[in-house]
Amino acid sequence: MKANIVLLPGDGIGPEIVAEARAVLDAVAAEFGHALSYETHLIGGSAIDAHGTALPEVTLEACRRADAILLGAVGGPKWDDPAAKVRPEQGLLGLRKAMGLYANLRPVKPHPRLLSASPLRPERLEGVDLLVVRELTGGLYFGQPRLRETRADGTTRAVDTLEYTDAEIRRVVALAFRLASGRRKKVTSVDKANVLESSRLWRQVASAVGKDHPAIALEHQLVDSCAMRLLTHAREFDVIVTENLFGDILTDEAAVLAGSLGMLPSASLGDGKCGLYEPIHGSAPDLAGKGIANPLGTILSAAMLLRHSLELPAEAAAIERAAFRAVDEGVLSADLGGRASTREMGEAVRARLGSHA
Ligand code: NAD
Ligand code: IPM
Ligand code: MN
C-alpha cells in the first residue's frame, strides 16, 4: 500500500527519537512491500523560532492531507517564559483540536525484563496490561473562560475552566467501551464526582453509555484514589477512561509501572482515519543532543500508527515483537539501566524485525 506520513520531530530529543522511528517504519515497509512517503514539518519551539507561531499553517495543512502523523515532542527551557504569548505546547494542543483528535490511547504493559527497572515491587507489576483513554480536546485544557487579569486594586487573578458537554463525554467513553470489548471487558471511568459538576455529568454519561454495553463491566473511581490504586492494584485495571488533565497526570504515573516514561506510546484518534502518534513523554531537555534518549515510546507509537491509521496489524505486531525482543535480549538505554544509545536501540529493533513467530 501507499501512505503519506507527516513527521513532526519538534524540539529537544524529538528529532533523535523520530529519526529512529522513521527508520523502523522504512524497514517494515521494505519487508512488507509498502511505499511510505514522508513530509517533515515544524511544530513547537522550532516553529516559533522560524515563523513566530507554534503551529504554522503549512504544518496544519500538511497534517490535514496526511494519512497519519508521527510527532516527537515539543517544548523546552528556551521557550519557557511564563509571560510569553506564544508557547511550544500551543502547537500540539492546536493540532489535536484542529484535527478533532479527541481520544488519546495510552497502553501500559510492563515488559517482564523491566520489572526491576521500576521502583515498585515486581509482584505489583506482573500481569499489568491496561489502556488509558484520555479525553484530549476538552476539559481543563480548553474550557472557557481562560484568562489572566490584573485588577484595579493591583491583585492578579487567573482562570482555567473545566468544561464538558455530554456529547464530548459520550464519544470518548463509547470508544473506551468498544476498545474494552476487544480486551478484558472492563471499563473504569475516573472522575472527581464528589466535588466537580463536570465530573457528575461525566459519571452520568458514562453510566448511560454503559447501559448500551451490558457485556462490559463499568466501575467509577475517584481520581485521587485511582492514582493510588494504579500503584497498588494496577493489574485490576483494563480500560481507564478519563478527563484530559486527569489522564495526562495518571499516565505519567503509570509510566512508573513500565519502568520508564520513555517506554510509553500513544495514539490520538478522532472520527476519521488520520491519527497523531507520539510518545507520552516530553522533549527531555536534560537529554537533548546527547543521543541517549529511549526511542521505544516513539517506535511503539509508529506501530500504533500502522495499526490504527494504515490498518496494517501484522506490520504493527512485527514492530512490537521486535521491540519486545530487543529489550528481552538486554538492549537497554540509560533510563532502563543500560548503556545503549538512541541509535543502538533503533538498530536493535530493526535487526529483529525479520524474526517471526
Ligand atoms: P519530560 O517528559 O520531557 O521529561 C521528564 C523526565 O523523563 C526527564 O528526566 C527526562 O529525561 C525523562 N525522559 C523523558 N523522555 C525520555 C526518553 N525518551 N528516554 C529517557 N528518558 C526520558 O517532561 P518535562 O521535563 O516535565 O518537560 C520538558 C518539556 O517537554 C516541557 O517543555 C514540556 O512542556 C514538554 N512536554 C512535551 C510533551 C509532548 O510534546 N507531547 C509531553 C510532555 C512534556
Ligand atoms: C502530553 C503533554 C502535553 C499535554 C503538553 C506538552 C501540552 O504533557 O502529551 O502528555 O499536556 O497534553
Ligand atoms: Mn503529559
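The shell around ligand 1 holds ten nonpolar, seven polar and four charged residues; Ala, Val, Leu, Ile, Met, Phe, Trp, Tyr, Cys and Pro count as nonpolar, Asp, Glu, Lys and Arg as charged, and the others, Gly among them, as polar. The model is predicted: local features need pLDDT of at least 70 and side-chain atom pairs count only at pLDDT 80 or more, while totals for chains, interfaces and linings use all residues. Residues are numbered from 1 along each chain as its sequence is written, chains are lettered from A and ligands numbered from 1 in the order in which they are written, and side-chain values use heavy atoms, with hydrogens and water left out.

Of the 21 residues around ligand 1, those that come nearest are Val74, Glu89, Gly282, Ala284 and Asp286. A residue is near a molecule if one of its heavy atoms lies within 4 Å of it. Polar contacts of both ligands (pairs of N or O atoms within 3.5 Å) are tabulated here.

| Protein atom | Ligand atom | Distance |
|---|---|---|
| Gly76, backbone N or O | ligand 1, oxygen | 3.2 Å |
| His281, polar side-chain atom | ligand 1, nitrogen | 3.2 Å |
| Asp286, polar side-chain atom | ligand 1, oxygen | 2.8 Å |
| Arg106, polar side-chain atom | ligand 2, oxygen | 2.9 Å |
| Arg134, polar side-chain atom | ligand 2, oxygen | 2.7 Å |
| Asp248, polar side-chain atom | ligand 2, oxygen | 2.9 Å |

Taken alone, ligand 2 exposes 320 Å², of which the protein buries 80%. For ligand 1 the exposed area taken alone is 800 Å², and the protein buries 69% of that. These accessible areas come from the Shrake-Rupley method with a 1.4 Å probe.

Around ligand 2 stand Glu89, Leu93, Arg96, Arg106, Arg134, Tyr141, Asp248 and Ile280. By class, this shell has three nonpolar, no polar and five charged residues. Helix 4 (residues 88–98) supplies the largest share, three residues; helices (H or I, at least four residues) and strands (E, at least two) are DSSP runs, numbered from the N terminus. Ligand 2 lies between domain 1 (1–101 + 264–357) and domain 2 (119–258), because both give residues to its shell. The domain bounds come from an automatic or database domain assignment.

Two backbone features remain. A cis peptide bond, with omega about 0°, joins Gln144 and Pro145, and Pro145 is placed in strand 6 (residues 143–150). Lys185, although not a glycine, has a positive phi of about 65°. Lys185 is found in the loop between helix 6 (166–181) and strand 8 (186–191).

Key. Polar contact = N/O pair within 3.5 Å; in protein donor to acceptor, adjacent residues only side chain to side chain.
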